[in-house]
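The structure comes first, and the entries follow it.

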Amino acid sequence: MRVLCVAEKPSIANSVARTLSGGNVRSREIKGRKGQFARNLDFTFNFPWIGSCDVTMTSVAGHVSNIDFSKDFSWGNCEPVSLFDAPTITKIGNPLIAQNITNEAQRCDALMIWTDCDREGEYIGWEIVQQAKIRNNRITLENTYRARFSHLERSHVLYAAKHPIKLDERAIDAVKTRMEVDLRTGACLTRFLTTLFRRVLGRDSPMVSYGTCQFPTLGFVVDRYKRIKLFKEEPFWSISLTLKKKQRRCPMRWEKNCLFDRLVTACIYQKCLTADPEYATVKDITTKPTSNWAPLPLTTVEMQKDCARFFKLTAKDTLAAAETLYTKGFISYPRTETDTFPKAMNLQELVKKQIQSPNWGDYAKNLVESGTFRQPRGGKHTDDAHPPIHPIIFVGDNASLTAVQKKVYEYVVRRFLACCSPDAKGFRTTIRVKWGTELFSTSGLVVKEKGFLEVFIYTKWESSGRQLPEVEPNEKVKIYEAKITTGHTAPPPKLTETELIALMDANGIGTDATIADHIEKIKSRNYVMSQKSSGRGRGKNAVIVPTELGYGLVEGFNKLGFDNISLTKPFLRKELESELKSICDGKAERKDVLTKAIGKYKEAFVLISRKKKTLLDSYKDTIAANNG
């Protein structure tokens with residue numbers, strides 16, 4: 001028997017082949033034009049259900065093919081609106097890789113797919129099956145084996161090879177639907193916008209592209225920028241109270257916080273002075289236990305947000321580093337929405353592998369030997385494909401990793417150890433006093449057990465440096481100072497990449513695997529740009545602001561008068577993602593979801609084409625306002 005195994009990337013193919021073969025691999029390289037090549041790895045492996053087989057392991061490089069329009073519907077040959085209904089064709093991305101699969105499949109008795117275990121991986125697996133069937137009609141979707149794996153540790157890979165499943169046809173249908181919606185809407189609106197804006201940008205201006213995730217992402221950036229731009233500060237007033245006992249001053253916070261009426265604040269202040277100008281009375285003292293919870297198991301989005309906040313890394317750079325760590329076998333698959341570990345997973349064994357670290361080894365040892373190890377809390381999300389991101393093996397300083405990769409690896413390890421750790425615990429004491437008619441309070445924290453914070457060094461939770469005075473209920477405490485203070489409301493801060501990722505995730509724009517790509521896309525299209533913030537030290541993050549083109553586009557679209565359809569808001573894409581999940585769950589049919597989605601975008605296009613002058617005027621107004 002001869003089995004053809006196909007992975008999604010060359011690095012995965014190489015790692016899996018060396019594991020299955022025990023290192024006894026023969027390599028064959030197929031060369032093509034312009035430096036293209038495909039590598040085939042031959043070895044033998046014993047599959048339990050068919051016995052010892054000759055195996056060829058090869059790979060694709062992402063998608064084998066893509067859908068497009070024929071020449072009759074190429075740029076300039078048709079009206080953009082016709083692309084909503086135009087027939088599509090399949091185009092091969094890399095002919096050498098595709099032909100290699102066809103040639104190798106011709107001699108094989110079985111096909112095994114080793115693509116990433118997510119929706120996109122299922123679809124790429126389907127593409128591989130189509131390519132393999134060209135010269136081997138024995139291969140079908142039904143009899144193709146599919147390896148289910150989430151990392152490249154030896155025993156895990158061997159288990160995946162010996163316990164294959166079938167490709168998920170519902171996931172394949174969901175990706176087909178998403179690809180067709182993206183192609184039709186993207187091609188139609190991109191051609192329309194590019195042609196339209198060349199009137200003001202010039203004939204040689206770059207493409208003005210539209211994407212169903214791209215524009216809502218841009219919409220978030222413009223919305224925050226506009227709120228800052230249009231913000232008008234308002235004055236407010238507050239009462240500041242400071243008490244004094246045994247030479248110790250204690251500032252108190254007014255429980256009303258502030259008022260936007262100076263006269264009312266002054267009247268309240270005067271009442272308090274009249275009631276007792278020298279003393280405030282202790283109303284109650286409460287001391288309660290409090291906890292800082294250990295983090296949930298790690299998802300892709302949380303990793304991107306944390307690495308942006310802690311290390312100032314872009315989402316793209318974080319994911320690239322994590323992908324490298326995964327392909328080297330150091331961490332699990334880094335594209336996952338799951339924040340709950342399977343109960344059967346032996347997490348203590350993974351903790352033990354970190355004991356040899358000179359930096360966190362003592363903590364890991366104590367975690368498993370002292371009985372403080374705790375099964376991580378479970379979140380509410382699972383993608384039913386991969387566990388949360390976690391380390392697979394210990395990686396020392398001599399590993400050939402870049403500084404960014406080392407930083408991301410250390411973060412993944414510390415986050416994993418943290419989620420297996422006890423919560424941090426302490427006591428919070430709150431003192432409330434009454435002065436006249438008003439209540440004021442202050443509080444202090446005493447940390448008793450640092451718990452996970454001992455290893456998760458990126459966040460702080462410390463005992464307050466301010467020592468509270470020793471007082472009793474109903475005790476009168478001397479007023480050191482009481483006065484009216486004033487301030488002004490502040491605009492929202494400029495948008496950081498961390499916040500943008502959170503907004504996209506909360507609104508269903510993109511997936512854990514694509515959020516970084518959408519952010520990079522609006523940067524490359526010159527819709528937004530990164531700027532240095534005015535903060536200092538650790539708080540200094542780059543912020544994202546719209547360019548004149550990005551701002552003008554969103555403002556123009558917002559002026560078109562959409563009723564229930566807006567192309568710069570997340571609602572349409574969020575609805576589509578929900579429908580795609582319904583396809584995966586067997587609750588909806590591909591044809592119905594596609595028809596509904598295309599119909600809404602077509603309706604939106606009709607309005608856009610009818611009011612195209614509004615789009616141009618909006619951009620011109622943006623330019624004029626900035627130059628004025």
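**Entry 1: the strands.** I began with strand 10 and strand 13, which run antiparallel and are joined by 2 bridges. I took strands as paired if DSSP finds at least two bridges between them. Helices (H or I, at least four residues) and strands (E, at least two) are DSSP runs, numbered from the N terminus. Trp254 stands opposite Phe440 in strand 13.

I note the provenance here: this is a predicted model, in which local features need pLDDT of at least 70 and side-chain atom pairs count only at pLDDT 80 or more, while totals for chains, interfaces and linings use all residues. Residues are numbered from 1 along each chain as its sequence is written, and side-chain values use heavy atoms, with hydrogens and water left out.

I next looked up strand 12 (residues 424-435) and strand 13 (residues 438-449), which pair in the antiparallel sense over 11 bridges. Within this pairing, Thr429 stands opposite Gly444 in strand 13. Trp435 has Glu438 of strand 13 as its bridge partner. The hairpin of strand 12 and strand 13 has 2 residues between the strands, and Gly436 there takes a positive phi near 65°.

Which order do the strands of the barrel follow? I found a closed barrel of 6 strands, running 9-10-13-12-11-14 with antiparallel pairing. Its twist averages 40° from one strand to the next. Helix 7 (residues 262-275) packs on the sheet and touches strand 9 (235-245), strand 10 (248-254), strand 12, strand 13 and strand 14 (476-488). Contact means heavy atoms within 4.5 Å. The direction of helix 7 makes about 20° with that of strand 9. Axes are lines fitted to C-alpha atoms, for helices over the stretch in contact, and angles run from 0 to 180 degrees between N-to-C directions.

**Entry 2: the rings.** I recorded 25 aromatic pairs in the structure. Rings of Phe, Tyr and Trp (its six-membered ring) pair if their centres lie within 6.5 Å; planes under 30 degrees apart count as stacked, over 60 as edge-to-face and the rest as tilted. Phe84 and Phe605 form an edge-to-face pair, at 6.0 Å centre to centre with 65° between the planes. Phe84 lies in the loop between strand 5 (65-69) and strand 6 (88-92) and Phe605 in helix 17 (residues 590-610), so this pair ties together parts that are 521 residues apart in sequence. Phe84 is buried at a relative accessible area of 2%, and Phe605 is buried at 6%. Buried means under 20% relative accessible area, exposed over 50%, partly exposed in between (1.4 Å probe, protein chains only).

Phe341 and Phe416 form an edge-to-face pair at 6.0 Å centre to centre, with 80° between the planes. Both Phe341 and Phe416 are buried. I also noted a cluster in which ring pairs link Phe310, Phe311, Tyr411, Phe456 and Tyr458.

**Entry 3: Ser332.** Is Ser332 buried or exposed? Ser332 counts as buried, at 0% relative accessibility, and its place is in the loop between helix 9 and helix 10. The side chain of Ser332 reaches the backbone oxygen of Pro388 at 3.4 Å. Leaving aside neighbours within four places in sequence, Ser332 is in contact with residues including Ser150, His151, Tyr326 and His390.

Definitions and conventions
A polar contact is a pair of N or O atoms within 3.5 Å; within protein, one must be able to donate a hydrogen and the other to accept it, and residues adjacent in sequence count only if both atoms are side-chain atoms.
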